[in-house]
Number of protein chains: 2
Amino acid sequence: MKQITLAARPNGMPDASIFRFEEVTLPAVSAGEVQLKGLYYSVDPYMRGRMNDKKSYSPPFELDKPIVGGVVAEVTTSKDERFAPGDVVLGSYLPWAEEMVVAADTIRKVDAKLVPPSYYLGVLGMPGLTAYFGLMDIGKPKAGETVVVSGAAGAVGLVAGQLAKLQGCRVVGIAGSADKITMLKEEYGFDEAVNYKTDDLSAAIEKACPDGVDVYFDNVGGEVSDAVVQHLNFFARVPLCGQIASYNDTAIQMGPRITPYLLTRSVLMQGFIVRNYVARFAEGLQYLTPLVAAGKLKYTETIVEGFDKIPEALLGLFSGKNTGKMIVKVI
Amino acid sequence: MKQITLAARPNGMPDASIFRFEEVTLPAVSAGEVQLKGLYYSVDPYMRGRMNDKKSYSPPFELDKPIVGGVVAEVTTSKDERFAPGDVVLGSYLPWAEEMVVAADTIRKVDAKLVPPSYYLGVLGMPGLTAYFGLMDIGKPKAGETVVVSGAAGAVGLVAGQLAKLQGCRVVGIAGSADKITMLKEEYGFDEAVNYKTDDLSAAIEKACPDGVDVYFDNVGGEVSDAVVQHLNFFARVPLCGQIASYNDTAIQMGPRITPYLLTRSVLMQGFIVRNYVARFAEGLQYLTPLVAAGKLKYTETIVEGFDKIPEALLGLFSGKNTGKMIVKVI
C-alpha cells in the first residue's frame, strides 16, 4: 500500500517535489489497535506551517515520515472492543496512507448516516469548530452589527459567515472569483461580497459596510486585511484565524502598521487555533450538528478523487482552487 | 490673563508655531460655576492625536479655541456649594489658561495633603489608571511571568512596570537613555532594562527574557514593538496603550506584518483608552492610592516651571525629554 511522506521542507511556495510516494507493508494489528482504510483525506491551509522546521502551534511534520492530518476511514480489522469492521471513524492526525494501523485511542466513530462522512472533516470537524469558536468566543457578534469574513468561500469562512447571519448581523464576505461572489450572496445569504482580485478593496469594503466593521473574521491577512482594518469601528473584534497570504513567505512581509488603528479604536485582535477550545468541542458540535442536519447551515466541498491527488489538492488551497472544504476522496 | 489656543493643525511633528498666546478677560462667575487659578498643567502624548482633524477616540481640539487637558487648580471664587475658595481641584478637560471660569460639575476636589497635588495628573490620575487597567484587565499578569514595558520611564510605563513587579513578575523595561535604564533598575525594581537607542533590541529582549514575553505593555509601537513581538509566548497578551512612535506620522508607516506572529502564538492584542474604564475609576484609585501613600509605588515627575512653557513641555514628550510624568507648574 502507498503512503505519502515529506521528502523535503519547502522554501516559499511548495511544489510536488516535496512529497514522496512510498510502497510499504502494513504492520500486524496489536491489541488496542485497529486497521483502517482511508475514505476521505482532509487538506488544510494550516498544514503549510507544519512543513517548516520552526516553532509554531503545531509541531513540524517529520522529514521522511508520512504527513498526518484529518482522515475519515473505515475499520477493516479491530483489536479494540470499541470498534468493529465497517465502522466509519475520524482521526485528526492520521497518516496519509491508503491503509493504516493505528491506536484505537486516536480515532472516534462518526455517524455516517446523519451527514456525508466527509463533513466530519469540515463543517462538523476542525473547520466548523474553528468558525464557531472564533466567531462566537472572540468575535462575539451582536444583532445589527457588521461582520466581515475574509476567505469567505473557504471551509471556515462559509461557516463563520452563516453563523454571523444567524446572529442577526450584516455579513460581508471577501473572496477571489466572480463565481464565489455570486455563490456567497445567492446561496449562502451573505448581504454583500467583495472580490479582492478585481475590486478596489478599501472602497468596496467602505461601500459594503456603511456603518463600519464590528467584527473582522480574518482567514487571509496581507493586503486584504490592510483594507478591512481601516474600516474597523470602535471596540471592533478581530478573530485571527488564518493568514494564508503569508504562509508561503520566506521572510516576514512588510505592510502598513496596524497598531495605530487598533489603539485609537480600542480594537481587540486575538490569534487562536481550534485546539485552544478542545475542552469545549462537544458544545460546538452540539450547536452545529442540528443546524447542518436541518439545512440551516449550508455547506459545500471541492472533492478531488484519488489518493494520488492529495498533494495537488493541498497545493491548490494556496491559489484558491477550492470552494468550501477541499477534500480528497479515494476511488 | 493668558490662554493658549490651537492656531493651526500640525502636519507631522508639531512646533511652537501651532500655539497662540492670547490675552483675554475672564467672564463673570454665574451660579453653578467656579473661578480657578491653575497650579499644575498636564501635557500628555495623547494630545497629539487631538490636534488632527480626524476621527479618533477623543474629538479634535477646536482651532482658535484654548487647548484643554488635565489641570490641578485652586478655587478663587465659588458660586457652587460644593466648593470654597482655597480648595484644590482637578479637571481632566480644563483650558490652558492662567485663570478660568468653569462649571462646577467638571471638577472634583483632591486631597492636597496626602500626596503632592500634581500626582492627581499622574500616578493617581489618568496615567496611573491607564497603567492599572491596561496591565490588570488586559495584560492579566501572573506570578512568574515575564512582562515587558515600552516607554518604561514615562508616566504610564513606570506605574505599569511596578504593578507587574507587585504581581510577582519578571519585569523588563525599554527606555531611551542610560540614565533612564539605571533608574529603572536601581530605583524602580525592574529586573532588566534595555536601551532602544543603543542596544540591538531584538537580541537584548531575547537575553533579558530567557523564557519569552508573556505580557507586552506597549506605549510606543514602531521598531521597538517589532523587536518585542518576535519574542511573544503562546497566549501572550499585548495591551496597546500608546503608539508615540507614530503620533507625528503623516501617513501610516510600513513595518513588518505582525499578524502571523499573533496567529501562530494565539496572542491577544487589545487597544484601549482609560476612558473605557470610567465606571471602574474608583476601583483603580482604591488600589493605587494606598500603594503610593505607603511608598510601595514610586513615582517621579519632570516639572517645567511657568505657564508659558506648556507648549515646549508638550513637544518635549516626543523626544523623550521627560522622566516620569511631564508637568508644568505655574510660578
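User: How many residues does the contact take from chain B and from chain A, and which element gives the most to the side of chain B that touches chain A?
Analyst: In this predicted model, the contact takes 29 residues from chain B and 29 residues from chain A. On the side of chain B that touches chain A, the elements that give two or more residues are strand S13 (254-256), helix H7 (259-264) and strand S14 (268-271) of chain B. By class, that side has 13 nonpolar, 14 polar and two charged residues. The element that gives the most, with five residues, is H7(B).

User: By what turn can chain B be laid on chain A, and through what surface do the copies meet?
Analyst: Because 100% of the interface residues of chain B are also interface residues in chain A, the copies meet through the same surface. Chain B can be laid on chain A with an RMSD of 0.0 Å and a shift of 0.0 Å along the axis, by a turn of 180 degrees. The two copies are therefore related as by a two-fold rotation axis.

User: What ipTM does the predictor give the complex?
Analyst: For chain A, the mean pLDDT is 95, and 99% of its residues reach 70 or more. For the complex, the predictor gives a pTM of 0.94 and an ipTM of 0.93.

User: What separates the centres of domain 1 of chain A and domain 2 of chain A, in Å?
Analyst: The domain assignment of chain A gives domain 1 as 2-122 + 300-329 and domain 2 as 126-275. The contact takes 17 residues from domain 1 of chain A and 16 residues from domain 2 of chain A, and the residues on the domain 1 side divide into four nonpolar, eleven polar and two charged. Taken over C-alpha atoms, the centres of the two domains are separated by 28 Å.

User: Which residues touch the most other members of the largest nonpolar core?
Analyst: In chain B, Val148(B) touches residues including Val172(B), Ile174(B), Ile205(B) and Cys209(B), not counting residues up to four places away in sequence. Of the 206 residues in the largest nonpolar core, those that touch the most other members are Val148(A) and Val148(B).

User: How many of the residues of helix H2 of chain B are buried?
Analyst: Helix H2 of chain B covers residues 126-139 and is largely enclosed by the rest of the structure. Among its buried residues are Met126(B), Tyr132(B), Phe133(B) and Ile138(B), and the helix is followed by Lys140(B), whose phi is positive, near 45 degrees. The number of buried residues in H2(B), out of 14, is twelve.

User: Is Asp44(A) buried or exposed?
Analyst: Asp44(A) has its place in the loop between strand S3 (33-42) and helix H1 (47-50) of chain A. Asp44(A) and Met126(A) are 82 residues apart in sequence and 9.7 Å apart in space, C-alpha to C-alpha. Because Asp44(A) has 23 C-beta neighbours inside 10 Å, where 20 or more are needed, this residue counts as buried.

User: Where is Ser266(A) found, and what is its phi near?
Analyst: Most residues other than glycine have a negative phi. Ser266(A) is partly exposed, with 19 other C-beta atoms within 10 Å, and is found in the loop between helix H7 (259-264) and strand S14 (268-271) of chain A. Its phi is positive, near 50 degrees.

User: In which strand is Phe235(B) found?
Analyst: Phe235(B) is a residue other than glycine with a positive phi, near 65 degrees. With 13 C-beta neighbours inside 10 Å, Phe235(B) counts as partly exposed. The strand of chain B in which Phe235(B) is found, residues 232-240, is S12.

Methods:
Residues are numbered from 1 along each chain as its sequence is written. Chains are lettered from A and ligands numbered from 1 in the order in which they are written. This is a predicted model: local features need pLDDT of at least 70, side-chain atom pairs count only at pLDDT 80 or more; totals for chains, interfaces and linings use all residues. Copies are superposed by least squares on the C-alpha atoms of residues with pLDDT of at least 70 in both. Two residues are in contact if their C-beta atoms, placed from the backbone, lie within 7 Å. pLDDT is the predictor's confidence in each residue, from 0 to 100. A nonpolar core is a set of buried Ala, Val, Leu, Ile, Met, Phe, Trp, Tyr and Cys residues joined through C-beta atoms within 7 Å. Domain bounds come from an automatic or database domain assignment. Ala, Val, Leu, Ile, Met, Phe, Trp, Tyr, Cys and Pro count as nonpolar, Asp, Glu, Lys and Arg as charged, and the others, Gly among them, as polar. Helices (H or I, at least four residues) and strands (E, at least two) are DSSP runs, numbered from the N terminus.
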